[in-house]
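User: I am new to this structure and would like to know what lies behind the words used for it. Please take the terms one at a time.

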Amino acid sequence: YGFINTCLKSLVVEKYGEETWEKLRLQAGVQDSFLTFEVYKDEITMQLVDKACQILGVPADMVLREFGEYFFEFCKRSGYDHMLRTLGGNLYEFIENLDALHSYLSLSYQANAEVLFLFVFPQEMNAPSFRVEKNEDGSMHLHYYSDRRGLCHIVPGIIGAAALDFFNIEISMEIINQTEEEERTGKKEHIVFLVTQNPVFSYKERNEFSSSPQYLADSEKRIENQANKEDLEKAKNRTRERGSSICPVKKSHWKTIRGIITLGKGKLLRGFDPVYPKSLWIDTKTFCNGLPFHMVFDKELRVKQAGVSIQKIVPGLQTMGICLDRYFSIVHPEVPFTISSIQKFINSQFVFQTRREMMPESWKQRPMLELRGQMIWMESLQCMLYLCSPLLRTLHELEERQMHIADIAPHDVTRDLILLNQQRLAEMELSNQLERKKEELRILSKHLEEEKKKTEALLYAMLPQHVANQLKEGKRVEAGEFKECTILFSDVVTFTNICAQCEPIQIVLMLNSMYLRFDRLTTVHDVYKVETIGDAYMVVGGVPVPVPTHAERVANFALGMIIAAKGVQNPVSGNPIQIRVGIHTGPVLAGVVGEKMPRYCLFGDTVNIASRMESHGVPSKIHLSSSAYQCLKCKNFEMTERGEIEVKGKGKMHTYFLIRNKTATENEIMGRP
């Protein structure tokens, strides 16, 4: 399920950052988000784990162990905390009931029981299985069976985190055996872990005890005292047993309860000696009717007894002594149908399925019935009791088998589970729809953000950013006066003749090639492009943001224009085009004009004089007014005097030519590396 991949993403983002996750998922070639109940291929998860090892430079076993620890916390945060806490009162009971949890989840999710505490990743494969054995020294052997190889290192991460959180113990888990076993569905990986438990000390206590020279001696004393206490307790128990057998004392029911509570200091003791009747006070008919789906069979799998409902569905069971494996196959755990295999996994929940060839004719077209329950070995009778119920998830499955709620015993919670699960499935479907809608909205939001950026980029290309932002907010943009700025105009020499001798498309291509070069230079030298009209190109320095270096910026931009123009071909002659450039420095008034196509325009005599400098200029030269010259004369620019010329509308003006920047190279002027 996407639950697993979502957890893996959360781990990477939380511990290594969003950038690492983005890099990881791109290399793995997977999507950014996953739906919780959607089934994804195993390859996606394995690819993510593999790439995580490469990017983080960490061995796979460490990545999987860390994932296991984080996955436990992720499950708790996802609402499964109470479910996990109630599995058992100690670590042994906790592990022992993991298979039962998987069985429950298979009902809830209508899949293969691999959600929540899955130590492997789901697809159409069976859940992992666990079997735990206690050793005399207090350690445990944990047997882990899985269809998926190479993922066993997740187990120590999850079990270790659960032990520390739920039972306040630290454990170490060591692989002591690793084999492959042939099962009906193929080879299964069988890993045996040695689990040893250690009490948890605080950091301060651990340092004090471990650094103390008396630590080992004290430990030995504690162990010796504990052993003495255990021996004393055993002796007391033996004395009690002898006393009770020699001289029994009759106590009332409430006296017994009060004695237990007093002994436990207000709490009922976990360990107690049950009282059994001398004979079973239930007749055979009542037992078979009260437990309608139970079966009893011996070591040779011969049926000795069966409940009435299972007899009704599988009439062959009415013939006592027939072999159980003729009518049923074991679905879970995946073990051979032998008494020794069943005893080996006696703590697991067993799922039986009816064999189609042995069912009545009326059942041939229906889905086969599955039973789920526990095995209990009866040593005195040398028989196995299978207490089970129909494995049904929904009312639809009940109807498919033409069964009714009445076929299930009133005390059997399967009745309630079917009805509750029907409601749960409806809620899950609604949750899936909400997740899909959420994902669609996320994608739409992402696309919207991308389009917004494109729109803003286009808007900022037409208007200064602070002006555009004010217009977006619905504010009025007031005209501003700039006491000093530098304006540049340029045009193409003999542009009219070129237009007369060329196709329009050739003119467009020529101008586009030239303007692309000029636009890049505006970014290099941080000047503002005001507008282009035909072959005329206008920029300004010091507007809309006043800067003291406005003249130098425009001068360097002009030098770059002359160089860039040499790379644009004249479509008539085939030679590089020539441009005239004029520059003037002075005050202007700037503001936004129009509403339909608003433009940021400059007004004032400075604009006119700059335009005159361009029109009275010389091809491939940069023509400066005297005010522009004054701004540049002490700024490492080489300039020559042109002298006085007659300027239309302005009379005689003293002008200059800009030759070069004495300190900047051509690559620096052009913004090349």
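User: Which residues does F193 touch, leaving out those up to four places away in sequence?

Analyst: In this predicted model, F193 touches M140, H141, L142, Y144, C152, V155, P156, M173, E174 and I175. A contact requires heavy atoms within 4.5 Å, and each of these residues counts as a contact of F193.

User: What makes a group of residues a nonpolar core, and which residues touch the most other members of the largest one?

Analyst: The members must be buried residues of nonpolar kinds such as Leu, Ile and Phe, joined through side-chain atoms within 4.5 Å. The largest such core has 57 residues, and L48, L91, F94, I95, L142, I159 and F193 touch the most other members. Helix α4, residues 60-85, gives the largest share, 10 residues. Apart from this core lies another, of 41 residues, including F495, V527, F557 and Y656. In soluble globular proteins, nonpolar side chains tend to be buried together.

User: Why is N5 called buried?

Analyst: The limit for buried is under 20% relative accessible area. N5 has 0% relative accessibility, so N5 counts as buried. N5 sits in helix α1, residues 2-16. Beyond its neighbours within four places in sequence, N5 is in contact with F34, Y40, I44, T45 and L48. The C-alpha atoms of N5 and T45 are separated by 6.3 Å, although the two are 40 residues apart along the chain.

User: Why is K472 called partly exposed?

Analyst: Buried means under 20% and exposed means over 50%, with partly exposed in between. K472 is at 45% relative accessibility, and therefore counts as partly exposed. K472 belongs to helix α16, residues 465-472, and touches E456, L459 and Y460, not counting residues up to four places away in sequence. Between the C-alpha atoms of K472 and L459, 13 residues apart along the chain, the separation is 9.9 Å.

User: How many bridges does the pairing of β12 with β13 have, and which residue of their hairpin takes a positive phi?

Analyst: Strands β12, residues 528-533, and β13, residues 536-541, pair in the antiparallel sense over 5 bridges. Y528 stands opposite V540 in β13. The hairpin has 2 residues between the strands, and G534 takes a positive phi near 65°.

User: Where is the pLDDT below 50?

Analyst: The protein averages a pLDDT of 82, and 84% of the residues score at least 70. Over residues 202-223 the pLDDT is below 50, and beyond near neighbours in sequence this stretch has 6 contacts in the model. Residues 260-269 also have a pLDDT below 50, with 8 contacts beyond near neighbours in sequence.

Note on methods
Residues numbered from 1 in each chain as written. Predicted model: local features only at pLDDT ≥ 70, side-chain atom pairs only at ≥ 80, totals over all residues. Heavy atoms only, no water. pLDDT = per-residue confidence, 0-100. Buried < 20%, exposed > 50% of the residue type's maximum accessible area, 1.4 Å probe, protein only. Helix = DSSP H or I, 4+ residues; strand = E, 2+ residues; numbered from the N terminus. Pairing = 2+ DSSP bridges.
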